[in-house]
Amino acid sequence: MRRLRTWGPGLLLVSPSIILVGIFVYGLIGLNINTSLAQTRDRITNKITNPGGLANYTNLLQTERYQHALWNLLVLTVVFMTGTMLFGLLWAVLLERGVTGEGVFRSIYLFPMAISFVAAGVTWRWLLSPAQGADQAIGLNQLFLKMGMPWLQSKWWSDPGPLNMAAMAIPAIWQLAGYIMALFLAGFRGISEDQREAARVDGATEWQLYRYVLFPQISPVALSALIILGHMSMKMFDLIYSIAGANSYTAEVPATYMWIQLFPQSNPTAAAANATIILAIVAVVVIPYLIYTNRTEKGGRA
Amino acid sequence: MTTTLEPPLQTRTPTGRPKRRRPTPMTALQFILLVLFASVVLTPLYVVLVTSFKSGMDVSPATAWDLPHTWSTDGWVSAATRLAPAVGRSLILALAAAILSSILGSMNGYVFAKWKFPGADIVFTAFLFGMFIPYQAVMIPLQRLLLDLQMHGLPWLDGIPRLILVHTIYGIPICTLIFRNYYATAVPNEILEAARVDGAGMLRTYASIVLPVSIPGFVVTLIWQFTSAWNDFLFALFLTSPRNGPVTYALQELAGGQNPDYPSIMAGVLVASLPTLIVYIALGRYFISGLMSGSVK
């Protein structure tokens with residue numbers, strides 16, 4: 001009874017949030033899975049449109065369209081994560097040693113993060129416009145012409161080739177590299193100056209200093225950065241929607257296809273199955289990570 | 001998971017002043033690279049600004065990258081007129097959602113940091129997962145649930161009120177995390193213990209000891225939630241219409257026409273980004289703190 005009196009009020013104070021998160025996160029995920037397993041028939045012809053059960057998932061995964069969307073997502077994710085990590089780390093290394101105007105550079109690199117994906121997307125739709133030739137091209141293609149490098153003109157994301165989504169990663173990198181830079185900078189700043197001095201006294205070159213002293217210590221930051229970028233990439237919707245339009249097959253990923261399944265195709269069952277697959281991919285990465293950080297945090301505190 | 005509420009990025013060494021090396025060829029190269037990257041990052045901003053001040057006649061592919069021939073504010077006027085109602089709606093949405101989820105986050109963070117109940121850590125981890133879920137995975141039942149609520153007893157639950165509800169709820173996890181980490185270091189256990197000895201209950205302690213020192217935490221969560229609610233498009237697209245939706249939806253509509261009017265589209269981009277840009281410029285370091293807490297360690 002005394003225990004209840006000590007922790008009871010705390011539980012009471014959190015209970016509104018527990019109920020809300022319980023319903024709106026976990027309850028709705030459950031309902032969504034339930035929807036995804038339904039058997040449905042066409043209203044007019046009475047033909048079965050979704051067989052029900054796990055067959056809904058295998059059917060979806062077998063369609064050419066979904067495989068194409070998954071492939072696009074893979075290309076986008078690989079290029080986006082690599083590019084963002086590289087630029088983020090490079091900028092952080094360039095800035096962490098202290099340079100004139102550091103604050104200005106930091107603010108410039110980070111400012112795209114403050115802008116919505118829609119506003120960025122509308123701008124990049126113009127920049128990545130596929131039209132070519134002096135009197136047609138706008139955006140980057142026109143800039144390349146102006147700079148005397150017409151061979152650099154590209155159809156960008158609307159290229160029918162298999163790697164077109166690499167172009168879609170460019171605006172995403174533009175938007176998030178500054179964020180990763182900020183994470184790495186905070187990581188570097190957390191390392192005491194003594195360690196650098198010690199390494200220099202021991203005769204380490206700058207490269208050895210980074211390779212053996214600094215980089216190992218920011219690897220936890222790199223792991224969080226990878227998880228953040230990975231889950232952002234899986235659910236990337238706004239940017240693709242506003243660059244490629246609502247109904248683009250060439251730039252389709254599962255997250256945008258879900259909108260098409262739900263509205264133009266009015267097939268909520270298949271859309272729910274798709275959404276569950278996206279959730280599963282994210283969960284496979286995020287849940288072990290959450291358990292891992294929870295554990296290391298406790299270990300650190302004990 | 002650590003939230004740094006001090007400016008986390010300053011150049012201080014333990015001895016005090018920033019350390020600057022003597023200029024060498026390396027530092028020169030470093031500086032040149034930084035300037036180069038900065039100009040690449042700013043290129044889209046240049047395009048947006050320049051195009052927004054062009055007149056309709058002035059927009060042709062060949063001069064796309066040039067400064068306006070004649071400076072015109074037509075684009076700005078047309079964008080401002082078209083976006084104004086949605087900007088107002090977005091302001092109400094972002095402010096309300098930010099305040100509500102910050103209040104909930106503060107109460108939760110206090111409990112998870114200082115007043116744990118059995119199983120609190122599991123509940124907290126379950127909250128955190130809510131931060132990472134792709135919202136697509138709740139969207140279909142969410143849409144139905146909100147429609148049901150609107151049909152049966154809550155007729156006002158449409159447009160902005162609907163988005164306020166949704167953003168408040170899905171903002172709970174991050175706000176809880178930020179406040180939990182903040183209280184863990186900002187409120188010493190000894191003070192809470194002293195309050196308990198003096199006979200203050202949990203709520204009393206919260207109101208008279210914890211809340212007064214919560215301002216830095218609130219600044220971070222308010223900025224974070226304001227920015228994410230303002231910038232959201234996914235919930236807006238699925239749960240509202242251009243008629244009653246926020247500015248991201250309106251901008252998407254403005255930009256989506258058959259014959260794009262680039263000056264007004266680009267001015268619209270700026271109009272729709274101004275509030276978050278102002279927040280970023282004025283309160284940059286708190287903005288960064290929010291970003292940091294979205295990560296871990």
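**Exercise 1.** Which residue just after H3(A) takes a positive phi?

*Solution.* This is a predicted model, so let's go through its backbone step by step. Start with helix H3 of chain A, which covers residues 64-96, 33 residues in total. From its first C-alpha to its last, H3(A) reaches 47 Å, close to the 48 Å expected at 1.5 Å a residue. Now step just past the end of H3(A): A:Gly98 has a positive phi of about 85 degrees.

**Exercise 2.** Find how helix H2 and helix H10 of chain B are oriented, and which residues bring them together.

*Solution.* First, take the geometry: H2(B), residues 74-114, and H10(B), residues 247-255, pack at an angle of about 155 degrees, with axes 8 Å apart. Angles over 145 degrees count as roughly antiparallel, so H2(B) is roughly antiparallel to H10(B). Next, look at the contact: H2(B) contributes B:Ala79, B:Arg82, B:Leu83, B:Ala86, B:Val87 and B:Ser90, which meet B:Val247, B:Ala250, B:Leu251 and B:Leu254 of H10(B). Finally, sort them by class: 8 are nonpolar, 1 is polar and 1 is charged.

**Exercise 3.** Is A:Trp156 buried or exposed, and is A:Ser266 buried or exposed?

*Solution.* Begin with A:Trp156, in the loop between H6 (139-146) and H7 (165-189) of chain A. Its phi is near 55 degrees, positive although the residue is not glycine. A:Trp156 has 23 C-beta neighbours inside 10 Å, so it counts as buried.

Then turn to A:Ser266, in the loop between H11 (254-262) and H12 (268-301) of chain A. This non-glycine residue has a positive phi near 30 degrees. With 8 C-beta neighbours inside 10 Å, A:Ser266 counts as exposed.

Terms used:
Residues are numbered from 1 along each chain as its sequence is written. Chains are lettered from A and ligands numbered from 1 in the order in which they are written. This is a predicted model: local features need pLDDT of at least 70, side-chain atom pairs count only at pLDDT 80 or more; totals for chains, interfaces and linings use all residues. Helices (H or I, at least four residues) and strands (E, at least two) are DSSP runs, numbered from the N terminus. The expected span of a helix is 1.5 Å times one less than its number of residues. Axes are lines fitted to C-alpha atoms, for helices over the stretch in contact, and angles run from 0 to 180 degrees between N-to-C directions. Angles under 35 degrees count as roughly parallel, over 145 as roughly antiparallel, 65 to 115 as roughly perpendicular and the rest as oblique. Two residues are in contact if their C-beta atoms, placed from the backbone, lie within 7 Å. Ala, Val, Leu, Ile, Met, Phe, Trp, Tyr, Cys and Pro count as nonpolar, Asp, Glu, Lys and Arg as charged, and the others, Gly among them, as polar. A residue is buried if 20 or more other C-beta atoms lie within 10 Å of its own, exposed if 12 or fewer, and partly exposed in between; C-beta atoms are placed from the backbone.
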